[in-house]
Amino acid sequence: MSIEIVVLPKMGESVAEATIISWLKNEGDSIEADDVLVEIATDKVDTEVLSPFTGKIISLKYSIDDTVQVGAVIAEIETSSASKPLTKPKEEVDETPAKTVIEDKKIEHQDSANTITPVNIPKIKEKETVSISTKSDRFYSPLVKSIAKKEGLSQKQLDQIQGTGKDKRLTKNDLLNYLKSDPSIESIQPSVQSTEPIPPIPLAVSNGDDEIIEMDRVRQLISTHMLNSQRTSAHVTSFIELDVTNIVNWRNANKEEFQRIYGESLTFTPIFIEALAKTIQHFPMVNVSVEGKNILVKKDINIGMATALPNGNLIVPIIKNADQLNLLGIAKKVNDLANRARHEKLTPDDTSYGTYTMTNIGSFGSIMGTPIINQPQVAIMAIGAIKKKPAVIETEMGDTIGIRQMMYMSHTYDHRIIDGAMGSMFLKMMADELESFDSSRKI
């Protein structure tokens with residue numbers, strides 16, 4: 001007999017934690033290898049964790065709705081295999097996430113200092129060089145201690161913060177919430193600002209007849225990600241109008257044959273993604289992410305397609321190596337990911353490692369929009385609705401007016417990395433690629 005531990009596995013890029021949705025087994029139950037042990041929810045998708053062992057469940061380390069760090073021990077299983085050295089349980093991830101938290105704060109300070117919009121930024125009045133004692137009866141993870149040290153909290157202050165983790169353990173979120181609400185924190189204003197006092201944000205007040213709907217977990221995560229993106233990136237948007245008559249006519253003429261031959265629907269999305277992948281190859285600096293003061297240029301072109309779910313929430317499945325796929329390959333990927341998204345069958349890997357995102361707001365009737373960048377990417381494209389409009393047509397016999405299929409595209413980019421010239425040239429090349437679509441192309 002031996003005791004084996006089960007840890008929360010890594011589930012894709014930037015996924016550092018997950019929430020326990022439900023345990024499929026109880027303590028004392030028998031379990032087979034590859035049986036589903038627990039259902040979890042990440043900030044991207046819901047998924048299952050399988051047992052790597054056959055045996056009897058000795059303990060389950062977390063309760064439903066607990067937030068668990070990747071790498072943490074979630075269960076112990078007694079097996080009949082030869083005894084192995086038991087890996088020391090990992091209460092929380094190492095120092096790396098703490099470094100990320102601090103770096104994110106620095107970025108927010110730098111961004112706020114260069115914007116006209118008044119933003120309150122937490123700053124401790126007096127920074128102390130403190131030592132967080134390890135002799136306290138209360139457990140503090142290395143992550144919590146690192147944040148506390150960076151923020152100048154004393155051991156006494158730390159001991160007084162109420163914890164919401166297992167056995168009242170102080171979690172990272174508990175500490176960050178305390179830092180936001182502590183009365184000893186003062187607000188500083190950006191260097192470029194009005195001399196007028198900043199009015200407080202008014203509170204929403206119900207008149208008693210209003211319906212109050214609590215945000216679900218996914219909507220709360222979306223809200224957090226959108227605000228973090230606005231605070232992190234300097235958003236700029238460029239627009240262009242283009243003639244997609246050739247694409248509309250070709251697609252209408254070939255969609256039934258495409259379905260008959262390949263068994264796949266032919267929508268506009270694969271055509272746009274194909275053109276986008278070609279354009280990105282000419283502008284590698286839009287296919288990057290920012291890590292502190294470094295720019296990470298991605299070699300793979302992994303295009304995310306923002307997809308609306310039946311419940312109104314949003315998810316972004318990823319078409320990996322889109323530049324290496326032909327139109328049929330992209331169409332198959334688009335249809336498969338969209339179908340599995342609608343039926344909540346996506347895996348964490350399906351939504352990880354994206355390098356650029358496209359959102360088709362035209363499918364809902366919008367002619368143009370200014371989307372928010374999907375962090376840690378630095379750009380996103382919005383495709384507007386295709387509308388018939390009168391337009392000038394240049395011919396050998398002179399200019400004339402005709403009815404054309406017209407569309408707006410917008411390119412939102414992070415001005416820290418992409419300046420207006422590059423952002424606009426990228427958009428123009430994308431438009432040229434679509435306008436020059438070969439209407440005699442074979443399927």
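Predicted model: local features only at pLDDT ≥ 70, side-chain atom pairs only at ≥ 80, totals over all residues.
**Helix α7 makes a right-handed crossing with helix α9.** A crossing is called right-handed if the near helix is turned clockwise from the far one by less than a right angle, and left-handed if it is turned anticlockwise. Residue numbers start from 1 along each chain as its sequence is written, and side-chain values use heavy atoms, with hydrogens and water left out. Helices and strands are DSSP runs numbered from the N terminus (helices H or I, at least four residues; strands E, at least two). Two packed helices are described by the angle between their axes and the distance between the axes. Here α7 (residues 268-282) and α9 (residues 420-435) pack at about 135°, and their axes lie 9 Å apart. Axes are lines fitted to C-alpha atoms, for helices over the stretch in contact, and angles between N-to-C directions run from 0 to 180 degrees. The two helices are therefore oblique to each other; angles under 35 degrees count as roughly parallel, over 145 as roughly antiparallel, 65 to 115 as roughly perpendicular, and the rest as oblique. From α7, I271, F272, A275, L276, K278, T279, I280 and H282 meet F426, M429, M430, E433 and L434 of α9, where contact means heavy atoms within 4.5 Å.

**Helix α7 also packs against helix α8.** The angle between α7 and α8 (residues 327-342) is about 125°, with the axes 9 Å apart. This value makes α7 oblique to α8. Their crossing is right-handed. The residues in contact are T269, P270, I271, I273 and E274 on the α7 side and L327, I330, A331 and V334 on the α8 side.

**Strand β18 is largely enclosed by the rest of the structure, because five of its five residues are buried.** Buried means under 20% relative accessible area, exposed over 50% and partly exposed in between, with a 1.4 Å probe and protein chains only. In a regular strand the side chains alternate between the two faces of the sheet. From β18 (residues 379-383), A379, M381 and I383 point one way and I380 and A382 the other, and all are buried. Strand β17 (residues 356-360) runs parallel to β18 and is joined to it by four bridges, with T357 opposite I380. Strand β20 (residues 398-414) runs antiparallel to β18 and is joined to it by five bridges; A379 stands opposite Y413 of β20.

**An open antiparallel sheet is formed by four strands in the order β5-β4-β2-β7.** Its edge strands, β5 (46-50) and β7, each pair on one side only. From one strand to the next, the twist averages 45°. Two strands pair if DSSP finds at least two bridges between them. Five bridges connect β4 (residues 36-41) and β5 in the antiparallel sense, and V38 has V49 of β5 as its bridge partner.

**A further open sheet of four antiparallel strands has the order β1-β8-β6-β3.** The edges are β1 (2-7) and β3 (30-31), each of which pairs on one side only. Strands β6 and β8 (residues 73-79) pair in the antiparallel sense over four bridges.

**D66 is located in the loop between β6 (55-60) and β7 (67-69).** With a relative accessibility of 19%, D66 counts as buried. Its side chain reaches the backbone nitrogen of S63 at 2.8 Å. Such a polar contact is a pair of N or O atoms within 3.5 Å; within protein, one must be able to donate a hydrogen and the other to accept it, and residues adjacent in sequence count only if both atoms are side-chain atoms. Neighbours within four places in sequence aside, D66 is in contact with A18, T19 and I20.

**N313 occupies the loop between β14 (303-308) and β15 (314-315).** N313 counts as buried, at 3% relative accessibility. The side chains of N313 and R219 make a polar contact at 3.1 Å. When residues up to four places away in sequence are not counted, N313 touches D216, V218, R219, I222, T307 and A308.

**In overview, the protein has nine helices and 20 strands.** Of its 443 residues, 42% are buried. Among contacts with a separation of 6 or more, 63% are between residues 24 or more positions apart.
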